[in-house]
Every structure is written in C-alpha cells, then in structure tokens.
Amino acid sequence: MLTKVYGSAVFGVDATTITVEVNVDNGIGYHLVGLPDNAIKESNYRIAAALQNNGYKIPGKKLILNMSPADLRKEGSAYDLTLAMGILAATEQIQTKHPLDAYIIMGELSLDGSLQPIRGALPIAIKAMEEGFKGFVLPTQNAKEAAIVEGLEVFGVDNISQVIDFFNEGVSLEQTIVDTEAEFYEHLSNPEFDFADVKGQESIKRCMEIAAAGGHNVILIGPPGSGKTMLAKRLPSILPPMSLGESLETTKIHSVAGRTMQKSGIMTSRPFRSPHHTISDVALVGGGQYPQPGEISLAHNGVLFLDELPEFKRGVLEVLRQPLEDREVTISRARFTVTYPSSFMLVASMNPSPGGYFNDPDAPVVSSPAEMQRYLSKISGPLLDRIDIHIEVTPVPFEKLSEERKGEASAVIRDRVSAARKLQTDRFEAFDNIHYNAQMGVKQIRTYCKLEQASLDLLKTAMERLNLSARAYDRILKVSRTIADLENSENITGDHISEAIQYRSLDRDGWFG
C-alpha cells in the first residue's frame with residue numbers, strides 16, 4: 001500500500017513542500033531515500049521507540065520511504081512525525097478520519113513519543129497557506145509562531161498519541177489562534193532600555209537621534225567607562241516602531257535560525273545583536289555546510305553593535321562591506337544559492353588607542369605612535385567609508401552622574417525620529433531600494449541636498465581647514481539632510497552643515513595618517 005504525507009524543508013528564508021511517500025511491500029527492511037542527512041537516517045530508531053511506547057510498532061515488512069523531490073537535500077530531525085504518520089497509515093494501523101494529504105505534519109520525536117520544537121515554523125506555515133493546505137500539525141512550542149499566518153488551521157501538539165487520535169478517531173485538537181495585530185501592538189512600546197537612564201552625554205544622545213532618524217551607521221570613540229555600550233543598547237528604543245510587514249520578515253529569519261517566539265509568536269521590537277569580537281566571518285554573515293543566517297541577518301531591521309571594533313579580525317570586518325552596501329547577503333554552494341536579507345544599522349565602538357586613552361596627559365596607560373598606527377590600521381578605509389557618523393565620547397563628570405533629574409525618555413525622542421522618517425518615506429516614494437537618507441546614492445544627494453552659496457562656502461572652508469577627506473563630503477551632506485528633516489526644514493542651512501561636520505572625527509588629521 002502507498003501513502004503520501006507532507007512535510008516541508010527550509011532554504012534561506014523560504015520553504016519547499018516535501019512529499020513523503022511510504023510504500024509497504026513483501027519482505028523485510030527499512031529503506032529511506034531522497035537525500036536525507038544523518039539526523040533523518042537515524043529517525044527510524046526514534047520512530048520505533050516512540051511508536052512502541054504508545055502501543056504501535058514498525059511492522060516486520062519491507063518499507064520504502066521516499067522524500068520527494070529526491071534531488072533536494074533534506075536535513076534535521078523535524079521529519080520524525082511526518083515519517084511516523086506515513087508508516088502508520090501505510091501499514092493500516094490507523095484509519096484516517098481526517099485526510100493526511102490536507103495537512104503539513106512536522107515534529108521531532110522523543111523516545112516516549114513527546115515532541116520537540118522545530119526550526120522555520122513561520123516560513124513553513126506561509127508556504128502551506130500558499131499551496132492550499134487545510135492545516136499544520138506541529139509541536140506546541142512553535143504553534144503561536146505558525147498561527148501568525150491567516151487562512152491556515154494550526155494545531156500545537158505535545159505527543160504523537162494526540163496526532164494519532166486526531167487522524168484515527170477524529171478526536172479534536174485545540175486550534176491555536178493568534179490575533180496578530182493585537183499581539184503586535186500590545187508589545188510595541190515597552191523598551192527594555194531607555195535613554196532616560198543615561199546621565200549627561202547630551203551631545204551623544206543628539207548624535208544617536210540623528211543616526212536613528214536617517215538610518216546612518218555610527219562609530220563611537222571614547223575611553224573605557226564613558227558609556228559607549230550603554231548608549232548603543234538604547235538605540236533600538238528610539239528607532240521608529242516596526243511595521244507589521246517588517247515584523248513578519250524579522251520573525252521569519254529568527255524562526256529559520258531556531259529562535260522560537262513562544263510568548264507572542266511575533267517579534268515586535270527591533271533586534272539588537274552584539275556578537276563577540278572572536279566571531280568568525282561565517283558566523284557573522286551566515287553560511288556553513290547547511291547555510292544558516294548569520295548575525296547580520298538576525299540584525300535585519302534592527303541594530304548590529306560591534307563593540308571594540310579594532311579587536312575584530314580584519315577578515316571578519318571586510319566581509320561586512322558588501323552586505324552594508326547591498327542590504328542582503330548571498331551564500332553560494334555547489335548545488336544551491338540562498339539569499340538572506342540584512343538591512344541593519346551598524347553601530348561600532350572603539351577605544352581611541354590600545355591603552356584606552358588618547359591625548360590624555362593623566363592617562364594611566366600611554367600608547368606609542370607605532371602601537372596607535374597598528375591598532376587603527378585594523379579598520380580599513382572602505383569599511384570606514386560606509387560609516388556616516390564618527391563621534392568622540394568623553395567620560396561623564398561626577399556632577400552629572402550624581403544628578404537626580406532624569407534625561408529625556410526614549411518615547412519622546414522616538415516621536416521626533418518617526419516624524420523625520422515619514423518625511424523621508426514620502427520623499428523617496430518613487431525609489432524601490434531607498435527608504436531613508438543613509439541609502440541615498442550620488443544622484444539623490446545631488447537632487448535632495450542642494451546648498452545655498454553661503455552653506456557651500458562654509459563646507460569648503462571646513463574641509464580645507466580640518467583636512468577632511470573626499471569621502472567625508474557626501475557623508476556630511478547626507479547627515480545634514482537628516483538634521484534638516486528633524487527640524488522639518490525643506491532647505492539645508494549653514495547650521496545643519498556645521499553640526500554635520502562635527503560628526504566626522506576620524507577624517508581629521510591625527511587619526512589615520
């Protein structure tokens with residue numbers, strides 16, 4: 001007897017439906033074909049124990065199980081439940097009251113028949129809905145995540161016996177229903193970190209507000225303990241709230257990486273990723289033998305924070321250049337290619353010298369010029385070229401630290417940032433790949449960053465006196481456009497240019513020779 005059951009495989013951030021065909025024949029043997037990996041090949045032991053512990057068995061007949069399409073590599077243990085239900089139906093141990101071919105069935109089996117969570121539940125559910133499946137049976141831990149998709153019945157189960165009773169005897173399962181919009185808006189405005197907690201540092205808060213408003217990459221330079229990490233962690237709290245579309249897209253990537261959203265099923269706050277400086281280039285951009293999204297994709301629609309930038313291996317930093325430009329990363333293998341989105345804001349921090357102090361006569365550690373040059377040379381010009389704002393962070397004086405007065409709350413700053421972003425969204429409505437000022441190309445800069453003669457003279461004087469490099473020119477114009485947007489000003493004035501010039505510390509003489 002031949003039975004068909006359906007599962008799903010995830011490649012990149014999209015799913016492909018897998019048909020599991022189970023054929024029972026005379027003889028003895030268990031033959032699993034269709035390019036399964038070792039985790040799937042071992043499934044017969046898990047399935048045999050789970051069935052036996054729940055009153056069923058793999059019969060002593062010849063079983064041929066084909067996973068179609070047969071030329072597509074299958075991986076992971078999420079097919080255990082699919083294969084087990086196919087075996088039970090093909091050997092007529094169960095009679096199907098509900099048609100098996102109307103459901104996607106996925107789950108990893110424990111030996112007692114209980115189910116373990118799977119990866120990629122959201123993209124699998126989206127594909128199932130698109131292909132007209134009636135429902136999706138999967139572990140309870142992933143049910144909320146899959147139930148985000150409308151038009152698909154989602155059943156979270158804890159044990160294979162529940163699945164058998166559902167198909168064999170028609171015992172109803174509790175459908176998981178998520179009101180996506182209600183969940184989304186309920187968790188939207190509760191930031192874990194708030195700018196109100198930061199004492200002093202008003203100029204740096206202003207700088208972070210500008211970075212958030214224009215989507216600009218930023219690097220913070222300052223001695224240990226000056227508050228660089230504290231400020232960076234609070235940046236997501238002032239970014240505009242994610243749209244429902246962005247939220248679903250971000251959830252999809254985290255689902256593929258195996259980070260289940262059990263509480264609400266959907267990510268409502270922008271991701272903040274802070275990898276350690278010992279990270280490899282594959283872990284940062286994604287990849288591996290069976291490609292998985294890296295840190296830059298997990299930071300999609302959020303913030304990637306690289307603390308102590310010069311401590312990262314130079315090769316690791318160089319692989320960031322293309323994703324920063326293209327806002328996606330493509331991983332190619334001999335048999336397939338996957339593309340992960342990676343549109344993130346880069347926030348980096350560094351000490352001004354190996355010892356942590358620079359141009360400070362009272363510094364406990366002084367670095368030699370050779371050590372300084374070796375330290376700074378780890379950051380390449382092309383990478384620095386993609387960072388719009390450089391700002392020096394100074395330690396907070398005791399008077400500010402001991403103040404009782406709280407600073408401006410993140411919610412207030414976020415309102416201003418959101419208003420500026422709306423101006424940019426309207427401005428770049430005609431462009432597919434440009435949504436905010438940081439993404440402007442040369443053509444858009446010439447169109448939207450026109451200067452009056454007085455402002456042009458000011459910029460020319462500043463570039464000559466401060467010895468600013470050519471790369472600083474476009475960056476200053478982009479940042480000044482954002483400052484003007486924050487003030488709801490149609491034209492860029494001299495004040496906007498003056499402020500933008502302050503945010504190019506590393507272009508000045510004395511940093512990079």
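In the predicted model, asparagine 488 counts as exposed, with a relative accessibility of 59%, which is over the 50% cut-off. This residue is found in the loop that separates helix 21 (471-486) from helix 22 (494-502). Although asparagine 488 is not a glycine, its phi is positive, at about 55°.

A positive phi also occurs at arginine 327, where the angle is about 60° although this residue is not a glycine. Arginine 327 lies in the loop between helix 14 (321-326) and strand 15 (328-332). At 18% relative accessibility, arginine 327 counts as buried, because the value is under the 20% cut-off.

A cis peptide bond links serine 68 to proline 69, with omega near 5°. Proline 69 is located in the loop between strand 4 (62-68) and helix 3 (80-90).

An open sheet is formed by five strands, arranged in the order 11-14-17-10-18 with parallel pairing. The edges are taken by strand 11 (272-273) and strand 18 (389-392); each has a single partner strand, so one side of each is left without a neighbour in the sheet. Phenylalanine 272 has valine 303 of strand 14 as its bridge partner.

Definitions and conventions:
Residues are numbered from 1 along each chain as its sequence is written. This is a predicted model: local features need pLDDT of at least 70, side-chain atom pairs count only at pLDDT 80 or more; totals for chains, interfaces and linings use all residues. Side-chain values use heavy atoms; hydrogens and water are left out. Two strands pair if DSSP finds at least two bridges between them. Helices (H or I, at least four residues) and strands (E, at least two) are DSSP runs, numbered from the N terminus. Buried means under 20% relative accessible area, exposed over 50%, partly exposed in between (1.4 Å probe, protein chains only).
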